[in-house]
Every structure is written in C-alpha cells, then in structure tokens.
Amino acid sequence: MNYQEEYKKSISDPEGFWGAQAQALDWYKPADQVLSIDENGLYRWFKGAYTNTAYLSLDYHVENGRADQIALQYDSPVTQTKRAYTFRDMRDRVAKIAGGLKKLGVLKGDTVVIYMPMIPEAVMTMLACARLGAVHSVVFGGFAPHELAIRIDDAKPKLIVTASSGIEVDRIIPYKPMVDKAVDLAEHKVQNVVIFQRKLGALVPSKDYDIDFETMVASAESVGCTPLEATDPLYILYTSGTTGKPKGVVRDNGGHAVALRYSMEKVYGLKPGDVFWAASDIGWVVGHSYIVYAPLISGVTTILFEGKPIRTPDASTFWRVISEYKVNVMFTAPTAIRAIRQEDPNGVFIKAYDLSSLRLQFLAGERCDVATLSWTRKQLGIPVIDHWWQTESGWPMLANLAGLELLPIKEGSVAKAVPGYDLRILDEEGDEKPAGAEGYVAVKLPLPPGCLPTLWEQDQGFKDSYLSRFPGYYFSGDGGFKDADDYLFITGRVDDIINVAGHRLSTVEMEEVVAAHPLVAECAVVGVNDEIKGQIPLALVVVQQSQQNFLEIGNEIISSIRSEIGPVAALKTVVQVKRLPKTRSGKILRKLIRAIANKDEFSIPSTIDDPTIVEEIKEAIHPNYKQTN
Ligand code: COA
Ligand code: AMP
C-alpha cells in the first residue's frame with residue numbers, strides 16, 4: 001500500500017484500520033470495541049482489551065525467540081561505562097524491581113515518580129511500574145525541586161525513585177538533596193524515596209523515608225505482569241502548558257502500544273532485530289516513546305546514551321555510538337546537530353567513522369532550520385527527515401513515512417499527516433484555510449490511538465485546553481500551513497510555550513518567577529532566536545522605585561529561575577525597561593517584543609497604547625540599536 005492509500009483508509013475507517021494494526025500485538029484479551037466514547041464524552045481506544053506494556057516490551061520477546069538479543073545498550077561517556085542487556089536480562093531485573101516496589105506497597109493504579117538520570121535502572125523502573133500496573137511519572141532531571149514538588153502534589157505518588165546523582169559532562173549533580181527538598185516543599189507526603197546509589201561524590205545523609213534500591217531488589221521476589229485494561233493509564237508525563245502549571249498528559253496502555261509499534265514500522269522503517277537510537281532523555285516524551293517503549297515493543301535494540309552531543313568528550317561522540325552499535329536509524333533534536341556543526345563544520349569526525357549501518361536520520365522536538373537539515377544530509381549522505389509531534393500525541397503527527405513510501409523531501413516542511421491524523425489548518429472561526437495560507441494546526445477528532453485520552457484527573461481541563469477552541473478538533477498550539485501538495489510547514493507556537501534546546505518551557509511560568517522578585521513591578525518573558533538552542537528566554541523587567549542597582553536584580557532573577565524552574569530554562573538575559581508595550585486594554589504585546597528582539601520586520605499594532613514605546617524597547621534590547629540601524 002502506498003502512503004495515499006494507507007492515509008485515506010486510516011481516516012475513512014479508523015476502527016477498521018486500527019483494529020487491523022492491533023492484531024500485530026499479543027493481547028491477553030482482544031477489544032470488545034475498537035473505538036468508543038466514555039462517560040465523560042472522551043474517545044477511548046480498545047475498550048475491553050487486556051494487555052500489559054511491560055509484557056509486550058520484554059516477556060513477549062523472551063518467549064518468542066529474542067531472549068538473547070540485546071534489548072538495551074547503555075553507553076555512558078560521562079562515567080566511561082558501556083553495558084548491554086538482553087531481553088532476558090531486562091525481563092529478569094525488571095521483574096525483581098517490580099517485586100521490590102510491590103513489597104513497598106505499590107499496587108495497580110498507584111503512582112510512582114521517577115527522577116533519575118539516564119541510567120538503565122531508570123528504564124527498568126519505568127518498566128517495573130508498567131509490569132505492576134502502577135502509573136509512572138518521570139520528571140526530567142534538569143528541573144528544580146520546586147518543579148518536582150508541583151508534580152508530586154499533582155500525581156500524589158506513593159514512592160519516588162531516584163538516584164544519588166546525575167552527571168552533566170564533568171559535573172556531578174546531586175539528585176538526592178533535590179528530591180529531599182521537593183519532598184519538603186510538597187504538600188503530598190510520599191511514603192518512601194528509593195535511591196539507586198551511583199557511588200559518585202559524597203554520601204548524602206539519609207532520611208527516615210529512604211530505601212536503598214539494591215537492597216530492595218536483593219530481597220525481592222520476581223513478579224509477573226498484571227493484566228491491565230487497554231484504557232488503564234501507563235504513565236503521566238507533565239509538560240508545559242499555557243498556564244503557570246504543567247499539564248499531566250496521560251498515556252494509556254493499549255492504544256499506546258498499537259500506535260508505537262505501527263510508528264516503528266511505518267514512520268521509522270524499522271523491523272525486529274534492528275538498532276534504533278533516540279538521543280533524547282527519558283524525562284521527555286521522545287525518551288518515553290522512542291528510547292523505552294517503541295523499540296522494545298517492536299523487538300528493536302535501543303541505545304541509552306548518558307552524554308551530550310559535544311563535550312563528552314567532543315563532537316565525534318554521536319558518530320562513535322552509531323558505528324560502534326551499528327545503529328540503523330537515529331533520532332535527535334536539531335539543537336544537537338547545530339552544536340555538533342559548530343564544533344565540526346566540515347564533518348571531519350563524521351568521515352572518521354564507518355556509518356554504513358545508518359539508513360535514516362530523523363529530527364524533531366523543535367523547528368529545524370533548512371541550513372541544519374541540509375548540512376546533516378550532505379554530511380551523512382542519507383535521507384534526513386524532519387517530523388513533527390508533541391508530548392500530547394506521543395508519536396509522530398506529521399512525517400515522511402520511510403517504512404511505507406519515502407516521499408520527496410521538501411526542506412523546511414515536516415511532510416504529510418501521518419495515518420490516523422486528520423490534520424487541518426484552521427482560521428480563527430474554525431474554518432479550513434486554503435493551501436498556502438497560515439492558520440492554526442488542528443486535528444479532527446478522534447485522535448488516533450497513542451494520543452492523550454485526557455489529562456491526569458482533569459477531564460474538564462483537557463477539554464478546556466485542547467478541545468474547546470475549535471469544537472470537534474484537537475488544537476495543537478502550533479501555527480502552520482499546507483502547500484498545494486499537502487506538505488505541512490510548521491511556523492511555531494501561537495501560545496506562550498517556547499522550545500529551548502528541544503526542552504519545552506512556559507514563559508508564563510517564568511514570568512511568575514520573575515514577578516515574584518520583590519523589586520519587580522512588571523515583566524514579560526519571550527522566546528528569542530538562538531543560533532544553537534533554537535530559542536532562549538529573554539526577560540523584560542520594570543522595577544519598582546529602588547536604589548538597588550539593576551545588575552544585582554537581574555542576577556537574582558536569573559538565579560531564581562534556575563532554582564525555581566531549573567537550569568534548563570537557561571534564562572541569561574534580563575533587560576530593564578521603563579514600561580512594557582501594551583494594548584489600550586492593558587494587554588502586554590509580547591509578539592511585538594519578540595519581533596523587536598529578533599530584529600524581525602513588524603508593523604506596530606493598531607491597538608497599541610502608545611506607539612513611542614517601540615523605540616524605547618528597541619534601545620533597551622539592542623543598546624547599540626541607533627548606531628547599527
Ligand atoms: N540534570 C541536571 N541538569 C541538567 C540536565 C539534567 N538532566 N540537563 C541539562 N541540565 C542543565 C545543564 O547542565 C545546563 O546547566 P548550566 O546552565 O549550569 O550549564 C542547563 O541545564 C542547560 O542544559 P542544556 O539545555 O543541555 O544546554 P547545554 O548548554 O548544556 O548543552 C546542547 C547544549 C545543545 C548540547 C544540549 O542542549 C543538547 O544536547 N540538546 C539536545 C536536547 C535534546 O535532545 N532534547 C530532547 C528533545 S527531543
Ligand atoms: P514537546 O511536547 O516537548 O515534544 O514539544 C512539542 C512542540 O515542539 C510542538 O508543539 C512544536 O511547537 C515543537 N516541535 C516539535 N517538533 C517540531 C518540528 N519538527 N518542527 C517544528 N516544531 C516542532
């Protein structure tokens with residue numbers, strides 16, 4: 001079947017299409033209904049089916065001829081460690097970890113927060129939760145204790161599983177003190193904190209609630225997989241929303257497994273036995289879907305890489321990993337490629353390695369500039385595919401389906417709608433825009449399997465955030481347009497979310513932190529273009545009458561963003577202004593600030609309160625503005 005036929009079928013008969021895809025998996029019990037609507041009016045996939053995602057990821061392969069195949073290859077340049085785990089090794093250790101968690105009282109339906117670096121035990125703990133039917137919520141290690149506490153209060157975990165420390169290039173990041181601080185900050189009280197000791201750096205004094213990971217495992221009995229309903233939650237993953245509070249994206253078991261398996265075959269062109277590497281972090285959706293679940297469910301070897309594209313030790317590290325483990329398909333963020341290109345513009349390191357195993361290079365997580373894409377294609381000599389999706393979807397929404405039919409690549413475009421996604425470009429009123437016209441990127445309901453069925457304990461919040469703007473559609477938050485050949489171009493978020501080095505962050509949340517400074521009267525945080533990180537935040541601040549010098553205030557703001565949100569927020573520039581540009585009704589004109597900061601062309605909005613402010617803001621952001629323009 002070619003792309004067009006497959007796509008049409010998925011849209012005209014979603015139940016038939018996904019019902020057939022589901023047959024590729026080994027269910028305990030098949031579905032009574034492929035697609036249904038629950039009591040809250042939300043679509044659900046595979047009602048009545050029973051499965052277990054850990055079974056599909058590990059036990060199934062052990063029982064079906066892949067026991068000795070490497071399931072997970074751990075490569076950690078920061079600790080100079082390499083370790084391979086077969087599907088059997090993984091199954092056995094995960095079954096013991098699950099036994100340990102069970103002994104601590106973790107039952108089906110309980111939540112467990114995982115705050116760990118990129119180590120095998122992190123992946124195994126996710127799978128151990130899945131085995132028990134406990135709902136994991138992984139929190140990215142670059143988030144500060146305050147962010148962790150917010151997630152603890154929302155997910156209400158019985159336990160937190162962590163490690164003593166992470167490593168950022170050559171710096172030990174002590175995780176345990178951050179967890180202790182988050183436990184103190186959170187209103188919800190966890191029963192225990194399970195710590196995997198990495199034996200790096202000084203020991204952190206223990207607390208009453210501490211449990212040693214290895215001691216827990218040593219005394220545990222292996223447990224089997226709990227049959228779960230397809231609609232039961234597998235995990236919660238918090239992501240930045242348009243409010244100050246992160247949204248708890250829920251993933252179910254059945255639809256997720258069906259969608260991920262389909263995507264491995266049709267989007268990424270992989271078959272069982274292949275090697276796939278998603279160079280991301282398990283704290284993000286890319287890590288959940290394409291480091292952990294999709295490759296394992298598909299019998300594909302996954303790489304768990306604890307390092308950075310540069311500085312661990314240099315810009316050759318990606319190419320070493322590809323050649324060493326014979327990676328067939330790779331996925332990374334454009335930021336990583338930009339960082340590599342800056343250090344190795346002529347691809348000297350690339351030429352030094354045998355990359356003949358690599359068939360395809362995928363990019364996503366942020367907008368990819370054409371220069372980065374064409375540099376990568378030229379250096380690697382293989383198709384480089386930019387594709388678009390989100391935490392909410394859990395798997396690609398727009399892509400060039402390499403496993404089905406590789407369409408001609410148009411640089412700058414994220415290709416076409418993936419089967420299952422009835423993707424439309426809408427205007428303010430929800431009417432479809434013609435080819436070439438920019439609008440809001442939305443998906444006609446139902447969303448395909450694998451996408452979020454709801455937000456954690458927030459059905460109404462889910463409807464309000466995603467379904468109410470355009471009735472009958474899921475609204476992605478992105479803008480874009482289709483060309484005459486139905487290729488999509490994403491122009492960026494139309495809300496207050498920014499993407500810093502592939503990390504999704506909310507400027508509203510940052511503004512809350514900046515505004516909390518006692519001398520700040522008003523502020524605005526916007527995302528501005530950055531050569532390497534894609535976007536970085538910029539804060540504009542109006543101070544209250546004060547004698548204190550602004551440098552000091554700026555530094556205090558920068559450090560409070562680090563301590564409240566985390567170092568990944570990467571706020572480095574705080575600019576003092578006398579006032580902010582506003583509409584006559586008092587709304588801050590962030591779009592105008594962004595355009596001025598990026599030196600984009602813009603017209604002064606007719607709603608502006610006082611047009612003379614434009615020059616003031618230009619001078620504040622670009623102090624040499626007058627000389628250079
Ligand atoms: N735990 C603790 N701290 C972390 C962290 C973690 N897991 N991840 C990042 N940080 C810290 C970093 O140490 C850094 O701190 P610093 O300001 O004290 O130096 C800060 O957060 C910013 O980190 P990062 O965004 O990684 O920037 P960088 O300058 O260290 O590296 C790149 C730049 C481009 C190499 C890096 O951003 C990168 O590899 N990006 C790709 C990201 C990616 O794959 N995203 C997944 C989306 S698919
Ligand atoms: P996240 O939920 O962290 O995966 O971030 C999702 C957001 O990142 C999307 O809504 C887009 O704004 C952006 N994004 C992801 N992939 C791409 C891409 N290939 N091109 C443009 N933007 C992208």
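Reader: Before that, what am I looking at, and how is it numbered?

Author: It's a predicted model: local features need pLDDT of at least 70, side-chain atom pairs count only at pLDDT 80 or more, and totals for chains, interfaces and linings use all residues. Residues are numbered from 1 along each chain as its sequence is written, chains are lettered from A and ligands numbered from 1 in the order in which they are written, and side-chain values use heavy atoms, with hydrogens and water left out.

Reader: OK, how is the chain divided into domains?

Author: There's domain 1 (3-307 + 387-476) and domain 2 (497-621). The bounds come from an automatic or database domain assignment.

Reader: What separates their centres, and how many residues are in contact?

Author: Taken over C-alpha atoms, the centres of domain 1 and domain 2 are 33 Å apart. In contact are 17 residues of domain 1 and 15 residues of domain 2, where contact means heavy atoms within 4.5 Å.

Reader: Now ligand 1. Which residues come nearest?

Author: Glu168, Arg171, Lys308, Thr335 and Arg562, out of 22 residues around ligand 1. A residue counts as near if one of its heavy atoms lies within 4 Å of the molecule.

Reader: Which domains does that shell draw from?

Author: Domain 1 and domain 2 each give at least three residues to the shell around ligand 1.

Reader: And what's the make-up by class?

Author: Nine nonpolar, six polar and seven charged residues for ligand 1. Here Ala, Val, Leu, Ile, Met, Phe, Trp, Tyr, Cys and Pro count as nonpolar, Asp, Glu, Lys and Arg as charged, and the others, Gly among them, as polar.

Reader: Which polar atoms lie by an oxygen of ligand 1?

Author: A polar side-chain atom of histidine 503 is 3.1 Å from an oxygen atom of ligand 1, and a polar backbone atom of valine 568 is 3.4 Å from an oxygen atom of the ligand. The protein covers 85% of the 940 Å² of accessible area that ligand 1 has on its own. Accessible areas come from the Shrake-Rupley method with a 1.4 Å probe; for residues, only the protein chains shown count as cover.

Reader: Switching to ligand 2, which residues are closest?

Author: His387, Thr391, Asp478, Arg493 and Arg504, with 16 residues surrounding ligand 2. By class, that shell has five nonpolar, five polar and six charged residues.

Reader: What do the nitrogen atoms of ligand 2 lie by?

Author: There's a polar backbone atom of histidine 387 at 2.7 Å from a nitrogen atom of ligand 2, and a polar backbone atom of glutamate 366 at 3.4 Å from a nitrogen atom. Also, an N or O atom in the side chain of glutamine 390 is 3.0 Å from an oxygen atom of ligand 2. Of the 490 Å² of accessible area that ligand 2 has on its own, the protein covers 94%.

Reader: Change of topic: asparagine 52, buried or exposed?

Author: Asparagine 52 counts as buried because its relative accessibility is 0%. Buried means under 20% relative accessible area, exposed over 50%, and partly exposed in between (1.4 Å probe, protein chains only).

Reader: Where does asparagine 52 lie, and what's by its side chain?

Author: Asparagine 52 is in the loop between β3 (50-51) and α3 (53-63). Helices (H or I, at least four residues) and strands (E, at least two) are DSSP runs, numbered from the N terminus. A polar atom of the asparagine 52 side chain is 2.8 Å from the backbone oxygen of threonine 226. That's a polar contact: a pair of N or O atoms within 3.5 Å; within protein, one must be able to donate a hydrogen and the other to accept it, and residues adjacent in sequence count only if both atoms are side-chain atoms.

Reader: And where are the cis peptide bonds you'd point to?

Author: One joins threonine 312 and proline 313, and another joins leucine 445 and proline 446. Proline 446 is in the loop between β24 (439-444) and α15 (459-467).

Reader: What about phi of glutamate 457?

Author: Phi of glutamate 457 is near 50°, a positive value in a residue other than glycine. Glutamate 457 sits in the loop between β24 and α15, and counts as exposed because its relative accessibility is 63%.
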